[in-house]
Amino acid sequence: MLQDLQAQFLGSTIGGLVAGSIYALIALGYTMVYGVLRLINFAHSEIFMIGTVTSLFVLITIAGGTAPITLGVFGMIAVLLLIIIASAAVSGGAAVLLEQVAYRPLRKKGATRLAALISAIGASLFLQELFGLEIIEWITDKSGRVQQNAPRFIPHEELFHIGNGVVRTDHVFVVVGAVIMMVVLDQLVSRTRIGRGIRATAQDPEAAVLMGVSIDKIVRLTFLLGGAMAGVAAALYVMEYENTDYRIGFLLGIKAFTAAVLGGIGNLRGALLGGIVLGLVENWSSIFFGSAWKDVTAFVVLVLVLMFRPTGILGESLQRARA
């Protein structure tokens with residue numbers, strides 16, 4: 001066991017940072033919506049799925065199929081930026097549409113949070129089946145019920161070693177891309193007028209209205225930003241793992257929700273911390289228990305956090321973010 005730990009620790013740590021970066025980006029959507037509306041948007045996992053399908057569509061269109069694409073450095077960066085922008089735009093738009101159709105009518109009527117939760121679950125199942133039955137099959141000419149492979153456009157080449165751990169090109173793109181997007185979002189919420197509106201709405205919606213803040217606009221913007229972050233995560237996921245399917249959001253959504261709770265749901269920096277911690281713990285656990293138990297770790301972490309520290313590691317709400 002000790003030998004396995006020594007042999008696999010650094011490699012598992014690198015893999016954990018990569019997976020954790022993706023979890024953290026998805027978790028931002030959960031934590032922003034909860035911070036503003038006190039609502040767990042369980043359909044957010046399908047917003048991520050829509051982003052992966054968008055990336056798949058763009059890559060298949062460029063490659064003319066699923067064969068690998070040979071590009072130079074600038075070409076790889078250009079294609080990566082293209083799928084990030086496309087996925088962020090489509091996922092962000094889908095999130096705004098979801099809010100208008102599934103949540104806003106309930107909010108206007110003063111419905112309970114339970115009604116909103118049921119609506120979220122219904123929207124999630126609808127989107128899964130819509131893409132599984134129609135959209136994916138239209139894009140790939142294959143059954144939408146099976147895993148879809150995406151063409152590789154960034155070679156998974158070794159850059160350098162850290163001990164016996166290998167850092168590849170795709171690892172660097174994922175971690176750097178995720179960190180850049182999280183810093184941009186954190187600064188947007190902390191230092192801009194839009195961010196002040198989001199924080200004011202999260203802290204006291206009635207007072208925010210009296211100060212001239214449009215609640216509908218802020219809620220719409222919150223869903224747009226959270227959906228866009230899920231779209232960026234989707235593009236990085238497709239680049240890294242080169243596949244998707246209509247149920248891809250289910251497990252990743254649960255892990256991202258766990259990351260949000262672990263870091264402190266409603267806290268942007270908590271989502272980052274929670275995602276990284278969960279990715280590391282998940283990968284380290286596979287050293288001891290095997291990869292078959294890797295996904296179980298997320299559920300165990302969620303239960304333990306809810307039992308012993310339900311406010312999460314940081315526990316600071318969105319409305320307390322510094323201006």
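Predicted model: local features only at pLDDT ≥ 70, side-chain atom pairs only at ≥ 80, totals over all residues.

Tutor: Two residues are in contact when heavy atoms of theirs lie within 4.5 Å.

Leaving out neighbours within four places in sequence, arginine 104 is in contact with Glu99, Asp216 and Arg220. Buried means a relative accessible area under 20%. Arginine 104 has a relative accessibility of 15%, so this residue counts as buried.

Not counting residues up to four places away in sequence, Phe48 is in contact with Ile26, Ala230, Ala233, Ala234, Tyr237, Ile248, Gly249 and Leu252.

How many cavities of 30 Å³ or more does the structure hold? The structure holds one, and the volume of the largest cavity is about 40 Å³. Its lining is made up of Gly29, Val33, Asn41, His44, Ala95, Thr222, Phe223, Gly226 and Gly227. Two elements, α1 (2-37) and α8, each give two or more residues to that lining. Helix α8 supplies the largest share, four residues. Sorted by class, the lining has three nonpolar residues, six polar ones and no charged ones.

Glycine 195 is another interior position. This glycine lies in helix α6, residues 193-203. Why does glycine 195 count as buried? Its relative accessible area is 0%, so glycine 195 is below the 20% cut-off. Beyond residues up to four places away in sequence, glycine 195 touches Leu188 and Val189. Isoleucine 218 is 23 residues from glycine 195 in sequence, and their C-alpha atoms are 9.3 Å apart in space.

Leucine 302 belongs to helix α11, residues 294-308. At 15% relative accessibility, leucine 302 counts as buried. Apart from residues up to four places away in sequence, leucine 302 touches Phe257, Thr258 and Val261. The C-alpha atoms of leucine 302 and lysine 255 are separated by 8.7 Å, although these residues are 47 apart along the chain.

Leucine 272, in helix α10 (residues 268-289), is partly exposed, with a relative accessible area of 33%. Leaving aside neighbours within four places in sequence, leucine 272 is in contact with Ala24 and Met182. Leucine 272 and glutamine 148 are 124 residues apart in sequence and 29 Å apart in space, C-alpha to C-alpha.

Two loop residues complete the set. Most residues other than glycine have a negative phi. Arginine 38, in the loop between α1 and α2 (44-63), has a positive phi of about 55° without being a glycine. Its relative accessibility of 26% makes arginine 38 partly exposed. Aspartate 141, in the loop between α4 (113-140) and β1 (148-149), also has a positive phi, about 60°. Aspartate 141 counts as exposed, at 70% relative accessibility.

A record can be set beside the model. An unreviewed UniProt entry lists residues 20-40, 47-67, 73-98, 171-189, 221-240 and 296-315 as "transmembrane region". In the model, residues 73-98 are 100% helix and 0% strand, and their end C-alpha atoms are 37 Å apart. Residues 296-315 are 65% helix and 0% strand, with 24 Å between the end C-alpha atoms.

Note on methods. Residues numbered from 1 in each chain as written. Heavy atoms only, no water. Buried < 20%, exposed > 50% of the residue type's maximum accessible area, 1.4 Å probe, protein only. 1 Å grid on protein atoms, 1.4 Å probe; cavity = no way out; pocket = protein on both sides within 12 Å on 5 of 7 lines; lining within 4 Å. Points joined across faces, edges and corners; volume = space filled by probe spheres on them. Nonpolar A, V, L, I, M, F, W, Y, C, P; charged D, E, K, R; others polar. UniProt positions renumbered as here; feature names shortened; annotations may be inferred.
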